[in-house]
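Please work through the exercises below with the sequence and the structure open beside you. Try each task on your own before you read its solution.

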Amino acid sequence: MWGFLTHPVVVTADINLHLVALTGMGLLSRLWQLTYPRAVVFDEVYYGQYISFYMKRIFFLDDSGPPFGHMVLALGGYLGGFDGNFLWNRIGAEYSSNVPVWSLRLLPALAGALSVPMAYQIVLELHFSHCAAVGAALLMLIENALITQSRLMLLESVLIFFNLLAVLSYLKFFNCQKQSPFSLSWWFWLTLTGVACSCAVGIKYMGVFTYMLMLVVAAVHAWHLIGDQTLSNVRVFCHLLARAVALLVIPAVLYLLFFYVHLILLFRSGPHDQIMSSAFQASLEGGLARITQGQPLEVAFGSQVTLRSVFGKPVPCWLHSHQNTYPMIYENGRGSSHQQQVTCYPFKDVNNWWIVKDPRRHQLVVSSPPRSVRHGDMVQLVHGMTARSLNTHDVAAPMSPHSQEVSCYIDYNISMPSQNLWRLEIVNRRSDTEVWKTILSEVRFVHVNTSAVLKLSGAHLPDWGFRQLEVVGEKLSRGYHESTVWNVEEHRYGTSQEQREREWELNSPVQVDASRNLSFMARFSELQWRMLVLRSDDSEHKYSSSPLEWVTLDTSIAYWLHPRTSAQIHLLGNIVIWVSGSLALAIYTLLFLWYLLRRRRNIHDLPQDAWLRWVLAGALCAGGWAVNYLPFFLMEKTLFLYHYLPALTFQILLLPVVLQHISDHLCRSQLQRSVFSALVVAWYSSACHVSNTLRPLTYGDKSLSPEELKALRWKDSWDILIRKH
Amino acid sequence: MPPATGGGLAESELRPRRGRCGPQAARAAGRDVAARAAARNPKRPARGSRRFETASRWALLALVTLLSFATRFHRLDEPPHICWDETHFGKMGSYYINRTFFFDVHPPLGKMLIGLAGYLSGYDGTFLFQKPGDKYEHHSYMGMRGFCAFLGSWLAPFAYLTVLDLSKSLSAALLTAALLTFDTGCLTLSQYILLDPILMFFIMAAMLSMVKYNSCADRPFSAPWWFWLSLTGVSLAGALGVKFVGLFVILQVGLNTIADLWYLFGDLSLSLVTMGKHLTARVLCLIVLPLALYTATFAVHFMVLSKSGPGDGFFSSAFQARLSGNNLHNASIPEHLAYGSVITVKNLQMAIGYLHSHRHLYPEGIGARQQQVTTYLHKDYNNLWIIKKHNTNSDPLDPSFPVEFVRHGDIIRLEHKETSRNLHSHYHEAPLTRKHYQVTGYGINGTGDSNDFWRIEVVNRKFGNRIKVLRSRIRLIHLVTGCVLGSSGKVLPKWGWEQLEVTCTPYLKETLNSIWNVEDHINPKLPNISLNVLQPSFPEILLESHMVMIWGNNGLKPKDNEFTSKPWHWPINYQGLRFSGVNDTDFRVYLLGNPVVWWLNLLSIALYLLSGSIIAVAMQRGTQVPAEVAGLSQVLLRGGGQVLLGWMLHYFPFFLMGRVLYFHHYFPAMLFSSMLTGILWDTLLRLCAWGLASWPLARGIHAAGILSLLLGTAYSFYLFHPLAYGMVGPLAQDPQSPMAGLRWLDSWEF
């Protein structure tokens, strides 16, 4: 206890100067002149708008990825005191003085810088030599595409950082496993693996690929553990449980946490509200909540309602009718009923109001006490402004001739009686006597005479229908589809007896008092679902490319061009590294297959530990490349060169591994080894040279002459911008 | 047909088990047979002699086959009208009989066989197959249905033999066969003129012969080994030749072969030369043979379909020249493009058509108010254009000028023949694709401005060569803006007569949408050559038809506002397909799996995963188990694993597909799932019985379990058989309907 009296207090610190130096160089390359150019560069225009939304706490929906990535960028803005006031509309627009460019770009740049020492550590943890590890880090350091991508407000560098962190911490954990399972550092690295994986997934869905790889590797290692008969059953169970918690439960919880924070932060209504359900919108401040507060919950006979289509495709819209009738004869010669049009209209309008009427009574007001409408009840829907009731009959609909036309019935005194009875079906009911509720109930209207279902067909009516959306009665309703489901959005109890009075009432705003809450899980699942199914129309892009072009760097992206000079930022990789990375991968695969086949014939070229190292390095690096690259062939969205960068990082990690293997195991004599080392040095210097040559395009700091630019255009497909004078 | 001894399950571990378990089981059966023989199916003979067992196998096989045929052929002629997709496949069968060319997204073998069956049974190809519900009347349709039912009937016997070989257990095999025979879905699908029975026949045949050749592994290069190996290859070719779904079974056989070779490779007693022989045999039988057969079906397909028909438009101009009746057939036109030629220009992308213009302007507010340029699928005078030099307006057809050929890289002007306006583009946005430039017809009598100049380039050509009609793939590059003439494939609104939009795209990506070829070519100054010279070779035809099929498959996209079947609906039997009839007076047939069978299958998959992983973990932990249990676990892991793999391969890929999916796509997977059920329940019952009780009682428990499953399946078939054999009368919602109590899910619509 009094030891410090007898012994001196000594602090010994091991500082790996290599690591420090690599970190320093990484920081220098990524942070140097970070605020230049002080203008919107490429996809900053895209992410910037979301940062502004965060700053202003306005709800948005972005289908490109989960919210953690956007939040990381927004954190930069928050630290720099950004107020969100900037119009992100054009690439190349100058930033105004209130935009803290440095702090906005800082986090991605830091992530990019730290990837350099991490590459060093990963190769070390794979038990390859110190020299190979430095090599990997130096390659990361000079890779132009990685530098460009991490110096801007973009997410790839952060994604790569977390990918590498996941791999590194798993390796640390795996190495701990041999010596001291269940020690503090063992727990730390295991947990960190899970955390890093979920962060990677939280930044872009692409992170799932690395996560899956880590899960597979962990599963294989766990399987070996199960086979280890020196361990007791209880101990094996503890091992498995710890892994399951760290690699499955923690990531899931964290992922939910991202959304939780996201929804806490964004509580104001914004431009993307309309995509969400009424209930969701009602939970946002100032959105639908402003209108729907104080609405009666239960729909009663006599209620005035607006009915929104739950499906909302191609656009969200409300059931609508207006004075105009269907044309007597359509352009293609078919006839119509010539009754009043019923459509779906994407804007709020007084003509969207309908009155729920009890077919057995005449009055259009809510009796007191109100008589609630329940599942299975027969109702009529009376259009508020024209007092005609919703009707369908055996007449072909204008755009979808297989379905029935829906109209508001006009009595022309011909032998076509009105068929305006609908049976209400609450789709999400809990019991068969459930009451129809505002916003919460999703209902279908089934026509009593023909059992057709009221449906939004999705087709646009021609000019006579004012290009509004067509509503039809679907006769052969094949199962549940959201286009046949509606919900009440705005609602009030009608009080006016006279039509004139009612029109005035419909035009007046709805009154206000309480609010309605949706649980976090309900909001999360809706948001997540919408993000996954939202299809942005496939936008053709000048710089889009296909995965095959990435490996050989047959494509490039112009990020930014100086408004006056020809200084420009261009996403271009270091071609030497790209080509040798792919070569290393091919060599690895061939060697691996060769060794594997020979081992099967009982010829062991490598000692057991070298073989295990070789396999693990391949599983993580070559596997990392494969899982981050191959799935793109199955994707239908617009792809860009920067999608390849995570895969490239893994290739870069593989390169020194293969080189060291060749030098250690394939070079037979000392002489060969020396020659090989000399070649590697020469190769690395050429990579440095290429990197330096492309530097003006990476940093965009130097204006080159058209001749110099033309000289840089090593491939015809590189689209380097050359100003014509 | 099956080798009487059965052999091991490719691996030696199994053989000792059989040695021990077979006689034991037989002895056990022998003791109490008198008591139970009456109550049980004749699954086991009274004495455990091998001969008797063989005989009972054959007897059961005969019984299974008979039952399967009886159920499939019962009331095959009803309903006497077109049901569901018969309208397509029957029609395509007629096309083969009439030899008219058509286009379909599936490879030809299935339809060819249907056509052949129709031809042999005296159907003359005159029935129109217009829409479901049309009466066949005097037309002979039973031949085609009978053929499909014949192939469909083999599924149960094949499954029986496969499971017998995998599990060495008669009761497992019998259970599988019963599940398939009594499944209303398989039954319905086998009774009509469809591709599915043919496809499933080949898939099961491939699976059976693969299992058989695996069990011949101890006698490599023997006659049965060769027979089964090559039969696997033939079945693979058949499966792929019917539908591309056949790729999944190819994948399965491929994986099995790789595992097999890997195992052999690790056997150090085999020399590398023997290994080489093994490899070559498999390459020959499983790659070369199927490819040759598959190609042969296409050769026959093209040979038979020699007349022009409804499929012409999907194919390139050069292809169409092959078809008699097409206007390109036996036509003769000048070979090389020259100035002054009158031409039509066709887009290389499927179903886009010819470059077209007409005397209508783009409406107010849509780009410049100049003449519309579109693409149009049909032949028309307005598709004709004249190639002119960009700088002179003299008539090149004037006989005093020498003929001047158009060369790669020339600057040209295209003048619309009917309206004398030039193909023109400028910096206005295109009507639908906003990022592209508008293309118009401009100028009066061929005099326009510099925006009418286009550079003509042959794709993949560097030098100034001449341009060939039909064969050269050309791009037209606008000189001023540098954009490429293309069609976006989008349909213009009413003002554009619903023709397709033509744009000039600034993105120089090489897609088929911006590549064109010259089809008609009129130039009186040039000698005509016969188009037969330009006819594509067989490999080119093969490639093109595959491109068209893939394009067609990708084109089958679900519409947004329609209900579509999702893969997760299928195993739970969520919703069926209406084959025939809607109203209560109609003869209704509804494709729906027997829910008892399907839900049992679903349960079995979960149970298999559970028990499989327990056994695998126990083995990995090195738990010592009696030889009996070890043998049963091997059956479960290996035999069950193989069919589980089959199920996964035939099911999971559908989750990745973007095309429209239907319920019947699940049926190949369902076959594998039924086999898994058979193996699983038999093994589990044996394991339970072994764990619980002494031998006689164990036998009893096992037999009772299997028997109750069999009887349950049969009874459920009795309940649900009207789905397949047809229902008349009130719908099932109606309480008076005989099916009223059977509508267990609201989503079933019978």
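Predicted model: local features only at pLDDT ≥ 70, side-chain atom pairs only at ≥ 80, totals over all residues.

Residues are numbered from 1 along each chain as its sequence is written, chains are lettered from A and ligands numbered from 1 in the order in which they are written, and side-chain values use heavy atoms, with hydrogens and water left out.

**Exercise 1. Into which domains is chain A divided, and how far apart do the centres of domain 2 and domain 4 of chain A lie?**

Solution. Begin with the bounds, which come from an automatic or database domain assignment. Domain 1 covers 35-99 + 266-289, domain 2 covers 114-153 + 553-724, domain 3 covers 154-261 and domain 4 covers 296-509. Then take the C-alpha centres of domain 2 and domain 4 of chain A, which lie 62 Å apart.

**Exercise 2. Locate A:Leu247 and A:Leu248, and state whether each is buried, partly exposed or exposed.**

Solution. First find helix α11 of chain A (residues 233-265), where A:Leu248 is found; A:Leu247 has its place in helix α11 too. Helices are DSSP runs of H or I with at least four residues, strands are runs of E with at least two, and both are numbered from the N terminus. Next apply the cut-offs: buried means under 20% relative accessible area, exposed over 50%, and partly exposed in between, with a 1.4 Å probe and protein chains only. A:Leu247 has a relative accessible area of 5% and is therefore buried, whereas A:Leu248, at 46%, counts as partly exposed. Finally look at the contacts, meaning heavy atoms within 4.5 Å: leaving aside residues up to four places away in sequence, A:Leu247 touches A:Leu190, A:Thr193, A:Gly194, A:Tyr211, A:Leu215 and A:Ala218.

**Exercise 3. Describe the backbone at A:Pro37, A:Phe42 and A:Arg467.**

Solution. Start at A:Pro37, in the loop between α2 (17-31) and α3 (44-56) of chain A, where a cis peptide bond with an omega of about -5 degrees joins A:Tyr36 and A:Pro37. Stay in the loop between α2 and α3 for A:Phe42, which is not a glycine and yet has a positive phi of about 40 degrees. A:Phe42 has a relative accessible area of 4%, so this residue is buried. Then move to the loop between β10 (453-460) and β11 (469-474) of chain A, where A:Arg467 is found; its phi, near 60 degrees, is again positive in a residue other than glycine.

**Exercise 4. Which side chain of opposite charge is nearest to B:Asp85, and how far away is it?**

Solution. Locate B:Asp85 in the loop between α3 (50-73) and α4 (86-98) of chain B. Lys and Arg count as positive and Asp and Glu as negative, while His and the chain ends are not counted. The nearest side chain of opposite charge is B:Lys243, 7.0 Å away. Beyond residues up to four places away in sequence, B:Asp85 touches B:Ile193 and B:Leu194.

**Exercise 5. How many helices and strands are there in chain B, and what percentage of its residues count as buried?**

Solution. Count the elements: chain B has 20 helices and 16 strands. Then turn to burial, where 56% of the 750 residues of chain B count as buried.

Methods. Salt bridge = Lys/Arg side-chain N within 4 Å of Asp/Glu carboxyl O.
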